[in-house]
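Welcome! Let us walk through a protein model together, one piece at a time. Please have a look at the structure first.

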Amino acid sequence: MAARRAVQSRRASDTASIPLVSSLHQKSRTSPLLSVGLVLLGAFLLIGYSYSGSGGFAGDKEAIHREGGSCTLEVQQAIPLLKKVYGESMRKVLHVGPDTCSIVSTLLKEDDTEAWGVEPYELEEADSSCRSLVRKGFVRSADIKFSLPYRAKSFSLVIASDALDYLSPKYLNKTLPNLARVSSDGLVIFAGYPGQQRAKVAELSKYGRPAKLRSSSWWIRYFVQTGLQENEVAAKKFEQAATKRSYKPSCQIFHLSS
């Protein structure tokens, strides 16, 4: 009987040890794969870090906008031409669109120019100069799908860039007439071209949806339907000034009467 118990005890002990042994074998088999995976992950992180340092990822905000065909950057380039076209009407300007702090800062450096800006999205990553403009009241964050907090004809010229590309016709019906309402001399719209490559990741993280890039014919029909008239005189002057300076805009530019 004692011998039988000893045999049973050894069998039970062997049986109990089997999962542990198999587990050890499994760990020894998977550990090389785990090591390889960690090495690859580290390599990808290093590549990503070095790439961001050279301006490849979101570390360089301007690079993202350049790849995305930002019309706000286009406004920066077009300011000298707009001054030639609109003259005295550039003395009191409202810019509406992302990164409006950069536009307002540029305009405020011009002689005899007053400038304000409306940022359609939260100013979460504003730098010190932008925060200063917000504190002084030059820039504010507001949902442009609703009425802007300004009286009629508060500004001589209103410039909108990028923001309208993210609105459906339902909201454009309210926003565009509202922009025209607060301007006395004109409204200039910078919009992306259809098929224009955009910074998809940056768009979705900031705006929540991709841009609706429309053709010039779509915009012109829409202006007619909403009772907005194109300012043909301003458009012709702008085209002539752009030709003289060999300036070819990467965005559509529409000049509307108030």
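Helix 6 lies across strand 1, strand 4 and strand 5, and it runs at about 140° to strand 5. Before going further, please note that this is a predicted model, in which local features need pLDDT of at least 70, side-chain atom pairs count only at pLDDT 80 or more, and totals for chains, interfaces and linings use all residues. Residues are numbered from 1 along each chain as its sequence is written, and side-chain values use heavy atoms, with hydrogens and water left out.

**The overall picture**

The protein chain has nine helices and six strands. Helices (H or I, at least four residues) and strands (E, at least two) are DSSP runs, numbered from the N terminus. Of the chain's 258 residues, 39% count as buried. Buried means under 20% relative accessible area, exposed means over 50%, and partly exposed is in between, with a 1.4 Å probe and protein chains only. Among the contacts in the protein chain with a separation of 6 or more, 72% come from residues 24 or more positions apart. Contact here means heavy atoms within 4.5 Å.

**The sheet**

In what order do the six strands of the open sheet come? The order is 3-2-1-4-5-6, and the pairing is mixed. Two strands pair if DSSP finds at least two bridges between them. Strand 3 (139–141) and strand 6 are the edge strands, each pairing on one side only. On average, neighbouring strands of this sheet are turned by 15° against each other, direction ignored. Angles run from 0 to 180 degrees between N-to-C directions, and axes are lines fitted to C-alpha atoms, for helices over the stretch in contact. Helix 4 (residues 100–108) also packs on the sheet, where it touches strand 1 (92–96), strand 2 (114–119) and strand 3. The direction of helix 4 makes about 180° with that of strand 2.

**Strand 5 and its partners**

Strand 5 (residues 183–191) is mostly covered, with seven of its nine residues buried. With strand 4 (residues 155–161), strand 5 pairs in the parallel sense over six bridges. In this pairing, Ile159 stands opposite Val188 of strand 5. To get from strand 4 to strand 5, the chain passes through helix 6 (residues 169–181), and this β-α-β crossover is right-handed. A crossover is right-handed if, with the strands pointing away from the viewer, the path from the first strand over the helix to the second runs clockwise. Leu157 is another residue to look for, as it stands opposite Gly186 in strand 5.

Strand 5 also pairs with strand 6 (residues 252–256), this time in the antiparallel sense over five bridges. There, Phe190 stands opposite Ile253 of strand 6.

**Helices that pack together**

| Helix pair | Angle | Axes apart | Crossing |
|---|---|---|---|
| Helix 3 (residues 71–86) and helix 9 (residues 232–244) | about 130° | 9 Å | right-handed |
| Helix 6 and helix 8 (residues 216–225) | about 60° | 12 Å | right-handed |

A crossing is left-handed if the near helix is turned anticlockwise from the far one by less than a right angle, and right-handed if clockwise. Angles under 35 degrees count as roughly parallel, over 145 as roughly antiparallel, 65 to 115 as roughly perpendicular and the rest as oblique. Helix 6 is therefore oblique to helix 8. Their contact is made by Pro169, Leu172, Asn173 and Leu176 of helix 6 and Trp218, Trp219, Tyr222 and Phe223 of helix 8.

Helix 3 and helix 9 are oblique to each other too. From helix 3, the contact involves Ala78, Leu81, Leu82, Val85 and Tyr86, and from helix 9 Ala234, Lys237, Phe238, Ala241 and Ala242.

Glu74 lies in helix 3. Is Glu74 buried or exposed? Glu74 is buried, with a relative accessible area of 4%. Leaving aside neighbours within four places in sequence, Glu74 is in contact with Phe190, Tyr247, Pro249, Ser250 and Cys251.

Tyr166 sits in the loop between strand 4 and helix 6. Tyr166 is buried, at a relative accessible area of 3%. Its C-alpha atom is separated by 8.4 Å from that of Leu213, 47 residues apart along the chain.

Finally, find Lys153 in the loop between strand 3 and strand 4. Lys153 counts as exposed, at 61% relative accessibility. Leaving aside neighbours within four places in sequence, Lys153 is in contact with Arg181, Val182, Ser183 and Ser184.
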